[in-house]
Amino acid sequence: MQNEVVSREEWLEARRALLAKEKEATRLRDSVNAARLVLPWVKVDKDYVFETPEGRKSLADLFDGRSQLLIYHFMLGPDWDAGCTGCSFLSDHVDGALPHLNHHDVTWIAVSRAPLDKIAAYKQRMGWKFPWVSSFGSDFNFDYHVSFSPEDLAKDKVFYNFTPMQPADANDELPGLSAFYRNDKAEVFHTYSSYARGPEELIGTLMILDRAPKGRNEDSTMNFVRRHDEYQEAPKAPSCCH
């Protein structure tokens, strides 16, 4: 299917109309970002312990000497054979950002309930460098509403993305992003979390595709995505990307 073909003058008029919407979206994003910065914080009083390649660490230890911590809740359960495809897609964009984040006093780390050896094997397969630790045996994933026990999924509702949802729409693991701040007293505060499509802007490939002639060309959210070592030969020019 091809879009309407018009003169350069007609295209310019349509493009200027779209530009007005793009500028509106940019201003709205700036407003949302400003509101995020003044969101109240919650002090983290619970002791969480994580398994890391350097041994057991607390949540405060994960900051690695910085004052800000971003945790990506990566879907890789204790019994899973491979990481979530969508989480893997997002994580493909992280390594290049690490020097910039670290220089800006931000530590990025992925957390999963899978044991450390399973995390290490999948991380090696994907060729990633970002830090990734295990919360296995901890309440961390459950407290931040990204993991659900069989008992949770047997209930009428589970709590995800700040909303009760049907267990049939959930999973034992779901994605999210959480932010924390550590002050000079080593006190840790939970400042922000985002779930479902909330962290989508972190996926640069999607932002690029949004500018391509066919956009994301998907039947459902990210249904075209594969782990980067699972793609087959690229489609020929006349073909749909599916």
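A salt bridge is a side-chain nitrogen of Lys or Arg within 4 Å of a carboxyl oxygen of Asp or Glu. By this criterion the structure holds 15 salt bridges. The model is predicted: local features need pLDDT of at least 70, side-chain atom pairs count only at pLDDT 80 or more, and totals for chains, interfaces and linings use all residues. Residues are numbered from 1 along each chain as its sequence is written, and side-chain values use heavy atoms, with hydrogens and water left out.

## Salt bridges

Three of these pairs are set out below.

| Pair | Closest N and O atoms | Sequence separation |
|---|---|---|
| K43 and E187 | 3.2 Å | 144 residues |
| E230 and R125 | 3.0 Å | 105 residues |

Helices (H or I, at least four residues) and strands (E, at least two) are DSSP runs, numbered from the N terminus. For accessibility, buried means under 20% relative accessible area, exposed over 50%, and partly exposed in between (1.4 Å probe, protein chains only).

K43 forms a salt bridge with E187; K43 belongs to strand β1 (residues 42–43), while E187 sits in the loop between β9 and β10. K43 is partly exposed at 40% relative accessible area, and E187 is partly exposed at 25%.

E173 is buried, with a relative accessible area of 2%, and R113 is buried at 14%.

The salt bridge of E230 with R125 links the segment after α7 (204–209) to helix α4. E230 is partly exposed at 29%, as is R125 at 38%. Salt bridges that share partners join R125, R227, D229 and E230 into one network.

## Pockets

On a 1 Å grid over the protein atoms alone, a pocket is an open set of points where a 1.4 Å probe fits, with protein on both sides within 12 Å along at least five of seven lines; lining residues have an atom within 4 Å of a point. Grid points are joined across faces, edges and corners, and a volume is the space filled by probe spheres set on the points.

The largest pocket contains about 990 Å³ of space. Its lining has 30 residues, and R36, L70, L177, Y192 and L202 are the closest to its centre. Elements giving two or more residues to this lining include α1 (8–37), β4 (68–73) and β10 (188–195). The largest share, five residues, comes from α1. Ala, Val, Leu, Ile, Met, Phe, Trp, Tyr, Cys and Pro count as nonpolar, Asp, Glu, Lys and Arg as charged, and the others, Gly among them, as polar. The lining of the largest pocket has 19 nonpolar, eight polar and three charged residues.

The second largest pocket has a volume of about 590 Å³. It is lined by 17 residues, with R15, L18, E22, D210 and R211 nearest its centre. Here α1 gives the most to the lining, with eight residues. By class, the lining of the second largest pocket divides into seven nonpolar, one polar and nine charged residues.

## Cysteines

The structure holds zero disulfides, a disulfide being a pair of cysteine sulfur atoms within 2.5 Å. C84 is in no disulfide, and the nearest cysteine sulfur, that of C87, is 3.7 Å away. C84 is buried at 16% relative accessible area, and C87 counts as buried at 1%.
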